[in-house]
Every structure is written in structure tokens, then in C-alpha cells.
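Please work through the exercises below with the model open. Try each task before reading its solution.

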Amino acid sequence: MDDTDDASRPACPEARATRSRVNDQLPGQTHIKTYPCVQAGAPVTQARERSAYESYQAHIDAANANPYAPFTSRIDWEVTRWAKMRGPGSTAVSELLEIENLVQLLGLSYKNSRELNNIVDEQLTSSRPRFIRREIIVAGEAVEIYYRDVLQCIRALYGDPEFAGLLVFAPEKHYVDAQHSKRVYFDMHTGKWWWGTQLSLHNLYNQELDERMPGATIVPVIVSSDKTQLTSFGSKTAYPVYMTIGNLPKDVRRKPSRRGQILLAYLPATNLKHIPNKEARCRTLSNLYHACMRVVLAPLKDTGLAGMALTSSDGVTRRGHPIFAMYIGDYPEQLLVSCCKNGTCPKCTIPRDQIGDNADFAHPFRDLNRVLDALDEFDNGALAFSRACRDAGIKPVVEPFWKDLPLVDIFVSITPDLLHQLYQGVMKHLISWLKHAYGPEELDARCRRLPPNHQVRLFLKGITTLQKVTGKEHADICRILLGLVVGLPLQGGYSPARLVRTVRSLLDFLYLAQYPAHTSDTLGLLQDALERFHANKSIFVDLGIRQHFRLPKLHALEHYIQSIRLFGTTDNYDTQYTERLHIDFAKDAYRATNCRDELPQMTTWLERREKVLRHHAYVQWCLELTGPAWSTIKITKWPSIKALSFDDAAQYYGALFLRDALARFIAQYSDPMLNTPEVEAESLNVFLPFNKVQAFHKLKFVLDDAQSLGIMEGFHDAAHARPRRKDSQGRMVPGRFDTILVNTGTGGHSGIQGYEVARLRLVFKLPPSANETLFPGILAPGHLAYIERFTPFTRPDHKHGLYSVTRRRDGAIGACLASVVEVRHIRRSCHLFPIIPGGVMVPREWTSSTVLDECDRFYVNSFSDLHMYMTFF
């Protein structure tokens, strides 16, 4: 059977043109429209208060003579920091300090862990509040909740000196042009929610009140929760709740090391097994969760409207209004928070039997007023309450924590979840479907024969036998997934075109959803990718793999565009970042306990740890320490091989024509105006006064912001050019010569124009004495690279959108066409998919280490990493 192309809309020319236009429209800054009311985010007084570090300094050391106070010296402080942050348990630290004369020799101010803990507890302070313990009786079982004052947590984050100059106080609209025709979304303050909430808050106050009490500053409260396992074996669990504020930039909130998140509470992790009825037990657990969260977030009810005085680290005070803005969690947690039923959408009103049918973006959010009316029926009896909740499409939860919070619509506050909805959801399903469509043997065979790359994980045992696959492993599989299915035939005579387009469309959606900044155009691409998936997904029904697509996680993709417009890009609310907090705030804390009655010990350990971290930041402030800067291309100072002869370069590195290629480079470098025949003629006159060079085995790259907005962190990449060697066990390790993108002279910030694929064979440097001879009167080149070239880019394949390249060879002898270029012209590494001869079975004699030698034609992998996807089109 043949598949027609009518239903498939491959994202090729139009999508590439759109992505190119977007990159051209983001020249490094956006056009900003500020909130029309100038009082929004304005200080309530011009008087400056003492900053947090100045207050801390006055408490610790009034004389300001010792930056390490209350510790006597740098060594005294560093040992303390090691013991509390990196060291072993308290007993081991005490035993270490009992070594004869150790305390005196190091000049320590404590003799054991108990004295050290007393110093930390009594003399160090923390801006973050202490935990409060509360006991709740549930169906005859006593459970504990440990929580902090949420308002004090907000004060701590808002006034942290580490965030000086980073806080945002008012919403903004960003545009790509001065005409304000297309919006740009990145951080939370660029979304529509903050602007709309600021307007709603302004409307609640009359003009006279605004004039008397200026500076209404929205403080978006972002909460996440997830039950986590504390031990590899056994059933010990914890139920942490984290919070942060949207005034912090997203790059601060998503890094645990920046301390932009606070552990707000440990909820009861009980399963209530003593309740025999499963339905009653589930209902009780839901009510217990909301009762605990209602206690934790209760202060937001009045303060959200009345406001509270908040002083930032620069000493300026504003009237802050903490408003519950976003909830971050996986699908079960979303259902629990929104009180929705399993199998339904926690955001919109789509019927359960229509989930996953098509890309319908018109479904409205659930009606909050109708839900609130149903919750009010509780006073009319259990039967009326249950019936009203059923009609409203929610579970009968007595008092959801969000019911009385001001300016909150919980169905809007539920955010997308890249980790569980895409990597552990839709992509997990897709990989399973492909396994059934093609069979495991050929998929695994292709996995084992992909060339290595810095950004790509090699699954040398295949992917079909993996068990308990993590989100990180699914992300690694997605980098190579398209290359595994391109060219593979389907059973039953079906054309693989629709299946390949389905894979491509989901990968497009996955990578587009991770953009650090979105415009109206890229949101259109996101919608187009989802529509292309639904247009081609019927291939899985035709193959008998699926009967329906009623998957809530698949339906959730329809809400990504809405959420990006409301709250900014998905890296503002990705569960990958909040789940990383489990290590610091739950698992490490549990390991520091004696594993009995652990919660009091965990909270004490965390409080001490926060004090030490704050004191460390204070010491750095006193000493005004700064960190090192990264360069664009980084090479080791000392060569891997000090003196590599030309013969060894040919034998071990494959640089067969190093002399000739280097001579042509010298001729071209000395006179850039020469054409190709003149370079060939001039190279014959070049004499090389040396026969050895310094060789380097690795290049490191720090790639620039793909969107030139300054919001994408430096992206690290590497390329290897290393011959085979023996490891420490005497085993032979194959050589590795990576493929790279080379700027031919006209390459720009993005796009394929001016770039070629090449294979890196040797990175070397000429002897200093030779530079004086070969380049008299001109600046000598730095590090050089011997490369083997591939053909220029032409057109991408119309089915899967990948570019094909072929190894360039000399017509006379068939050898690979090689040249020498400056390392500074190498943009980054790139990964290639081999094009299988005949297009069916990959030759079994190929291996991962030999495929670049055995195969001549390749597809360029544009999914090797996000930076590659954003710049290579």
C-alpha cells in the first residue's frame, strides 16, 4: 500500500524560512512596552534601609575586622563549610577532630561536632524561617506536617543579596519590532498573566488609594510538589513542597546552586492503609493534601490583596502582593491539585472520549465559578455536594487550598510538564510504537553503528531492551530517533512516509517547546508541528499498533501555546528542575539522619545547611570574589603530543596529505587574493622548515546564545581528534575523529549558508620558529586543523527534513579531499546518521568506531542538541 502525501505537511521550506526570520528579528534586544501605570512596582518610600549583608555583618562582627567571623580564620571557616556541606556524618567529624593536636594545629574554634553545631545554631543566622511542626489526626492516625511561614519565605527570596539587581517588579510586553506587531515571550514578566493580574489588582483599588499607597508589586508565588522515594530499597518516602517567586529570572529559579527555591513544607507521606475502602482512602488522601496546603498557604489569602512591605537587597521597600501564580507537577499531582478525575484534562473541558483525537486549540479552560458554586454546596449535605461536584467534573474535596486565594484560577495555574508529558509520556509511547512497527533487531543494530559525538549518547546495546528508562535517557534517545527510522521499510507494504513524518513532527514539537524565547512565529511552528502529528498518526492505527490516542499527556500538548503566552517559556516551569531539588532537600537530608523519626532531623540539617550557605555567600561578598570567564574555543595549554612527525600523523591520525594541505594553507594565508589555481601553483614553492608539529586531541566550544537575547546560557560542546590507544587495563580503545561544522567564510549566526561538514583529523600548532619564517611581516595563525571535507548542503529531504552530505574525494586517486583551516573557523561539532546502502539493513560489519570510514553518505543530525536545532536549518 502507498501513502499519499496529501495529509502530510512536512516542515521544510516554510518552517525553515520562519525560523530564519525569527533569528534575524532577534538582534540582541527587544522593543519593550512598559505597564501604563507608572506606580506599578514603584517604591513606597525613597528612604533606603540597611541591606541584608550589612545587617548580617552588624550581627556577626560589628567591628568588620574579620570576614570569617564568628570563625577565627579562613581555615576555621573552610573546615566548617566542608563538615556541613561535603563532609561525613557528625560522628566521623568528631573522630577526626579527636586526632591529637589537630584542633590546635588548624586553629579551630571547636573540638567536636556538638560544639560546631552550637556555633552554627547560635551565632549564624538565616533569612529563611524555621520549620513549624503540626500534628493532624486523620481517621484515627496521627500524621505530621513540617512547614514554614510562606510570607517569611517570600521576604527571604525577595531580599536575598545574591539576587541584587535581578528582581523584576512590573510586567512588560516585549516585541521583535518597533511597530509592536509580534510578541516575544521568555521570562515570566513577559507573559500575559502578570500583566492581567496587575490590571486586576489595580482595578480593586480606587485611584485615591493608589496615590496614597503607590508601588503595587505583584509577587508571583510558584509552588511545586512531588512525593519522592528516599531509599533505593524499602518504602521510605517524603512529600516535599517547594516554592519560589516569579520576580526572579528563570535562570536563577532553575539552578539549585543559585538558591532561588525554598523548601516550603514536608507534607504527610502516609498512605492511610488502615482505611480498608480504596475509594474512601483516596478521598481522604485528597482532603488531607488540601488541608495541609491550606495551612501552608493561608497567609496569602489576606496579604495577596492588602499587600505587605517587602525590602529588596538594595534597601528599597515596595508594597508586595503575593499571588499564587503557578503550580508545577506531574499529571497525578495536577489532578490532585485541581480536584479533577483520572483520565480527564486538569485544565480544559474536553470530553474524555475526545482526548487525543486532533489538535483542537479551542477548548476553553474549566469554569472556575461553576466549580466554586459546586464547592459551596457542601453546607447542603453530602449528597448535594457530591452531585454538584460530579456535574462540575471535579472530585468532592471539601476545601481545596486555592478556593479562597485571591485572583487565582487553578485551572490556568496548572502548567505544562516537559519531563513527564513529553519525555516520559508521548516520546515514551512513540518509542514503543516504533519498536512494534520495525522490530527490535534492526533498530538496535542501527543504534550500535552510529558515530560518536559529544552531544550524543551511544546505546551500544540498543534501546529496545532498556528497563526503567529515565527522562534523561529518553532525551538521549530523542537525539538519534529520527536517524534510526529513516529508510526502514514497513511491513504489509505500507510506505514509511507517514510514520517518518510523525516522528519528525513530534521531535519538532519537543525541541520547539524548549526554546528559551518564543515569538508569535515560533508559537505558530509549535502549533503546526502538533497538527502534522495528528495528520499522520493514523499510520499506527493502520499497522494495528494503536486503536485510539486517548492519552491525557498527548492532549496536554495543546495547552503549551496558551501557557507560554501566559507565563513565558517552558523553562519557567519545567519539572526537571524541581525534581532535581529532591536530591538537596530530601535525599541528602535523609542520609544525614539515623533513619528513625527522620523529619525533625532532616529539617534541622536543612536549617544548618542554609545558614552555612548564607555565611559562605556573605564571606564572598566581604572578599569580593569573582569567578573565571569562559572563552569561545578552549584548547589545553600543553599539547597532547609535543612532537608529532608528518609520517606519524598520516599513520595514526589519517592525515595522509598534511604536507600538501599545509602548503596550500600557507600560500592562501599569505595572500588571500589568490584563486584556486594560483594557490596550487604557489604551494609548490612553500618549503616547510620542520617535520614535526604539536598535536592536540580535543577542542572545547562554548556556543553563543542561539537567539542573541542574552537569556540562553553558554552551551558546551567538544570535538575529538584522537588516535587509538590502550587504556589503563591494556585494552585497545578505538580512535575517534569527530565531524564538525566549518565556516567557509560567509557563515552567519544561524542557518546552513556558509557552512560545510568536515571530519576533524588533526588539531596542531606550528613551531614558533617556523611562524617567523613562513609568515614574515604578518600575524601568524594560531591553532590549525586538518580536515576531510564533505559536499556542500543542497536541499533537505522532503519527508524528514534532514540534509544529506557525501564525502568529497579526489577524482584521480579516490582519496578524501582534505585541507587545513584555522581552528577559529570551526563553529561546533555535528553528528551524522549513516545512509544505509540499499536502505534496508545496516551492514553488520560496521561499528560505531568505523562507520565514518566505511560509509560515504550521511544525513546531518539536527536533533543532536537544542542549540543545533535552533541554529541549523
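This is a predicted model: local features need pLDDT of at least 70, side-chain atom pairs count only at pLDDT 80 or more; totals for chains, interfaces and linings use all residues.

Residues are numbered from 1 along each chain as its sequence is written, and side-chain values use heavy atoms, without hydrogens and water.

**Exercise 1. Confidence**

Task: State the average pLDDT of the protein chain, then find where confidence is lowest and highest.

Solution: 
- Start with the scale: pLDDT is the predictor's confidence in each residue, from 0 to 100.
- The protein chain averages 89, and 93% of the residues score at least 70.
- Next, go by element; helices (H or I, at least four residues) and strands (E, at least two) are DSSP runs, numbered from the N terminus.
- Confidence is lowest in helix H9 (residues 207-212), with a mean of 50. It is highest in helix H16 (residues 410-413), at 97.
- Then check residues 1-8: pLDDT is below 50 there, yet the stretch has 16 contacts (heavy atoms within 4.5 Å) beyond near neighbours in sequence.
- Residues 625-631 also stay under 50, with 4 contacts beyond four places in sequence.

**Exercise 2. Glu607**

Task: Is Glu607 buried or exposed, and which residues is it in contact with?

Solution: 
- Locate Glu607 in helix H26 (residues 598-623).
- Apply the cut-offs: buried is under 20% relative accessible area, exposed is over 50%, and partly exposed is in between (1.4 Å probe, protein chains only).
- Glu607 has a relative accessible area of 11%, so it is buried.
- Leave aside neighbours within four places in sequence; the contacts of Glu607 are then Arg130, Phe131 and Arg148.
- Compare Tyr53: it lies 554 residues from Glu607 in sequence and 19 Å away in space, C-alpha to C-alpha.

**Exercise 3. Aromatic pairs**

Task: Classify the pairs Tyr242 with Phe585 and Trp402 with Phe411.

Solution: 
- Use the rule: rings of Phe, Tyr and Trp (its six-membered ring) pair if their centres lie within 6.5 Å; planes under 30 degrees apart are stacked, over 60 edge-to-face, the rest tilted.
- The structure holds 27 such pairs.
- Tyr242 and Phe585 have ring centres 5.7 Å apart and planes at 40°, so this pair is tilted.
- The pair links distant parts of the chain: Tyr242 is in strand S8 (residues 237-245) and Phe585 in helix H25 (residues 575-591), 343 residues apart.
- Tyr242 is buried at 1%, and Phe585 is buried at 8%.
- Trp402 and Phe411 have centres 6.1 Å apart and planes at 65°, so they are edge-to-face.
- Trp402 is buried at 2%, and Phe411 is buried at 0%.
- Finish with the cluster: Tyr239, Tyr289, Phe324 and Phe401 form one.

**Exercise 4. Charges over rings**

Task: Over which rings do Arg318 and Arg546 lie?

Solution: 
- The test needs NZ of Lys or CZ of Arg within 6 Å of the ring centre and within 35 degrees of the ring normal.
- The charged end of Arg318 sits over Phe169, 3.6 Å from the ring centre.
- Arg546 lies over the face of Phe549, at 5.9 Å.

**Exercise 5. Cysteines**

Solution: 
- Set the cut-off: a disulfide is a pair of cysteine sulfur atoms within 2.5 Å.
- The count comes to 0.
- Cys153 is in no disulfide; the nearest cysteine sulfur, in Cys292, is 16 Å away. Cys153 is buried at 0%.
- For Cys292, the closest cysteine sulfur is in Cys339; it is 14 Å away, too far for a bond. Cys292 is buried at 1%.
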